[in-house]
Amino acid sequence: MPNRLAHETSPYLLQHADNPVDWWPWSAEAFEEARRRDVPVLLSVGYSSCHWCHVMAHESFEDDATAALVNEHFVAVKVDREERPDVDAVYMEAVQAATGQGGWPMTVFLTPDAAPFYFGTYFPPEPRHGMPSFPEVLEGVKDAWADRRDEVGEVAERIVKDLAGRSLAYGGDGVPGEEELAQALLGLTREYDATSGGFGGAPKFPPSMTLEFLLRLHARTGSEGALQMASDTCEAMARGGIYDQLGGGFARYAVDRAWVVPHFEKMLYDNALLCRVYAHLWKVTGSDLARRVALETADFLVRELRTPEGGFASALDADSDDGTGRHVEGAYYVWTPEQLTEVLGAEDAALAAAHYGVTEDGTFEHGSSVLQLPQSAGPADADRIASIAARLLAARAERERPGRDDKVVAAWNGLAIAALAETGALFDRPDLVERATEAADLLVRVHMDESARLTRTSKDGRAGTNAGVLEDYADVAEGFLALAAVTGEGAWLEFAGFLLDLVIARFTAEGGALYDTAHDAEALIRRPQDPTDNAAPSGWTAAAGALLSYAAHTGSEAHRAAAEGALGVVKALGPRAPRFIGWGLAVSEALLDGPREIAVVGAPGDEAFRELRRTALLATAPGAVLAFGTPDSEEFPLLRDRPLVAGAPAAYVCRHFTCDAPVTDPAELRRKI
């Protein structure tokens with residue numbers, strides 16, 4: 001008999017709907033039930049493409065004996081961290097403070113007042129590697145609740161008090177300047193892996209936001225070191241196993257420092273951010289590799305993650321059936337020499353093995369290899385390699401595909417809209433701009449109410465029940481601003497303005513600091529607030545960036561002041577922890593540069609107008625904003641009072657409230673931006 005999760009919109013919760021565990025979704029009713037029964041709450045947090053979440057579900061939550069123990073002594077609450085990032089953040093902070101580490105699945109025991117008192121992540125079904133078994137943990141917590149209730153209460157009270165005292169005061173204390181950004185660059189240089197690219201050791205994550213900072217710093221200062229770190233890291237990732245050499249798109253991270261073996265799940269946010277990075281790298285360097293990877297990643301997003309409603313799904317699983325009925329990580333993506341021979345014949349298999357780094361011993365498990373491009377020189381026979389890749393891709397399509405998490409997350413769709421809009425505009429792919437527009441339409445229709453408040457998720461065109469958090473407002477605004485710049489449709493600028501007005505009204509603390517949840521959001525044991533950029537830009541730094549761009553478009557002092565207030569945290573953290581505030585540093589580069597405001601006026605069919613617009617799109621000035629249209633257009637504030645020059649199309653470039661004389665020559669415009 002299904003439990004209470006059967007009607008949820010989260011694919012992760014639906015995966016648990018038939019468990020013998022009597023799961024509740026996160027709700028006031030669940031905690032009321034715990035109070036009524038006088039039992040603790042077992043909170044289990046994960047997400048649908050999480051490998052160890054699947055393992056623990058199979059070992060413990062699908063086990064009748066374990067489920068009986070849970071059902072008798074606990075109220076079990078299941079949370080999808082991607083639907084409720086606020087719940088995840090609050091309890092993850094407690095787990096990390098108590099244990100020094102965190103991760104998913106996250107397992108937390110709470111009082112009926114939602115105060116945490118015992119923590120862990122994955123627990124095995126029997127004791128191993130010094131870890132207690134999950135049934136042992138359940139028995140221990142049950143006994144503590146029954147026999148040492150006072151002690152449990154004291155622990156819970158202490159933890160809640162400790163979390164409440166962690167409020168951040170970083171805001172409004174001045175904006176980062178050249179000195180802080182130079183210190184951040186120095187810090188990154190020290191942590192840079194000169195052999196393999198990227199920062200730090202294993203596991204190694206794609207540092208997309210840090211790369212944006214390095215590209216912007218290079219544009220502003222001409223620093224060759226910054227550009228070298230960015231371009232070498234991008235090349236190393238694109239040649240490594242973390243990049244899908246057949247189908248495009250990036251895996252979540254590499255388990256080694258040389259990018260060889262990925263953790264195979266593919267996330268929407270990673271691919272949106274990296275698509276944009278490679279497009280921006282191409283703007284600076286003209287690199288063929290950067291162009292190829294940007295377009296292949298955009299095509300991956302559309303082909304593999306686009307939903308029937310026009311939005312983008314959250315993720316692809318790491319695991320799939322390996323052909324024997326077992327679900328194995330990476331089964332869809334890896335190859336043995338024998339499998340190559342079976343598909344290609346002996347001669348082409350030998351060439352494929354050499355080209356893609358497939359070895360007899362294998363680079364992954366059980367003699368299989370992850371495809372890479374180990375040689376930096378191009379293939380001797382490009383047509384033959386293209387034929388090999390097409391045949392391998394067709395053969396791979398016959399394998400069981402990894403599962404897809406079909407929920408549409410507003411924030412990550414905002415990132416995808418920005419990436420596809422810019423990539424489509426830069427590489428003359430109007431189809432990508434259309435896909436971005438369709439996703440934006442879905443967000444307006446399904447996720448946004450009449451007062452511009454956002455719902456965080458939807459599935460199958462049906463809005464979920466969870467309110468949007470700061471990153472949703474910020475990233476969706478970022479996507480709309482990018483779409484406005486490439487389509488010339490001012491409605492997207494207006495929509496971004498509605499969202500950013502709500503950021504100022506509902507998420508801002510005194511002094512410019514930001515909270516992750518709105519002032520009127522559900523009250524948790526602490527109001528989450530995290531400015532650090534991890535897998536994606538934090539809501540805090542994403543909001544700073546969108547506020548700054550909107551202010552450049554409109555001249556709004558209120559939005560610029562809010563952006564500057566939010567960037568106080570970058571002044572504090574940038575020099576000390578640059579890897580973890582990469583987007584904040586990138587936004588600070590835009591602030592330092594102006595950002596530049598570019599207005600291009602002319603008639604749409606005019607070739608000279610098109611040439612000026614194209615030049616403006618190629619601007620490398622950090623965070624430059626663009627508006628284009630006819631001189632009498634009402635679409636954008638930047639176009640007001642911008643006449644043609646002697647009847648010819650013209651471009652106007654302004655920064656810091658000062659405008660240069662208009663130019664009609666693309667070469668002259670290029671020098672200015």
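Asp428 sits in the loop between H16 (410–426) and helix H17 (430–447), where helices (H or I, at least four residues) and strands (E, at least two) are DSSP runs, numbered from the N terminus. Although it is not a glycine, Asp428 has a positive phi of about 55 degrees. The model is predicted, so local features need pLDDT of at least 70 and side-chain atom pairs count only at pLDDT 80 or more, while totals for chains, interfaces and linings use all residues. Residues are numbered from 1 along each chain as its sequence is written, and side-chain values use heavy atoms, with hydrogens and water left out.

**Cis peptide bonds**

- Trp104 and Pro105 are joined by a cis peptide bond with omega of about 5 degrees. Pro105 belongs to the loop between helix H5 (85–99) and strand S4 (106–110).
- Ala202 and Pro203 are also joined by a cis peptide bond, with omega of about -10 degrees. The loop between helix H8 (178–191) and H9 holds Pro203.

**Packing of H13 and H14**

- Helix H13 (residues 337–344) packs on helix H14 (residues 346–356) at an angle of about 135 degrees, and their axes are 7 Å apart. Axes are lines fitted to C-alpha atoms, for helices over the stretch in contact, and angles run from 0 to 180 degrees between N-to-C directions.
- H13 and H14 are therefore oblique to each other (angles under 35 degrees count as roughly parallel, over 145 as roughly antiparallel, 65 to 115 as roughly perpendicular and the rest as oblique).
- The contact (heavy atoms within 4.5 Å) is made by Leu340, Thr341 and Leu344 of H13 with Ala346, Asp348, Ala349, Ala352 and Ala353 of H14.
- By class, the contact of H13 with H14 has six nonpolar, one polar and one charged residues. Ala, Val, Leu, Ile, Met, Phe, Trp, Tyr, Cys and Pro count as nonpolar, Asp, Glu, Lys and Arg as charged, and the others, Gly among them, as polar.

**Packing of H19 and H20**

- Helix H19 (residues 490–506) and H20 pack at an angle of about 125 degrees, with 10 Å between their axes. That angle makes H19 oblique to H20.
- From H19, Leu493, Gly497, Leu500, Val503 and Ile504 meet Ala543, Ala546, Leu547, Tyr550, His553 and Thr554 of H20. The contact of H19 with H20 has eight nonpolar, three polar and no charged residues.

**Cavities**

- Four cavities of 30 Å³ or more are found in a search of the whole structure. On a 1 Å grid over the protein atoms alone, a cavity is a set of points where a 1.4 Å probe fits but cannot get out, and lining residues have an atom within 4 Å of a point. Grid points are joined across faces, edges and corners, and a volume is the space filled by probe spheres set on the points.
- The largest cavity holds about 650 Å³ of space. Its lining has 33 residues, of which Arg276, Lys283, Glu422, Gly623 and Ala624 lie nearest its centre.
- Elements that each supply at least two residues of this lining include helix H9 (208–221), helix H11 (268–285), helix H20 (539–554) and strand S16 (625–629). H18 gives the most, with five residues.
- The lining of the largest cavity has 21 nonpolar, six polar and six charged residues.
- The second largest cavity has a volume of about 130 Å³. It is lined by 16 residues, and Gly241, Tyr243, Asp244, Tyr333 and Val370 lie nearest its centre.
- Ten nonpolar, three polar and three charged residues make up the lining of the second largest cavity.

Note on methods
On a 1 Å grid over the protein atoms alone, a cavity is a set of points where a 1.4 Å probe fits but cannot get out, and a pocket is an open set with protein on both sides within 12 Å along at least five of seven lines; lining residues have an atom within 4 Å of a point.
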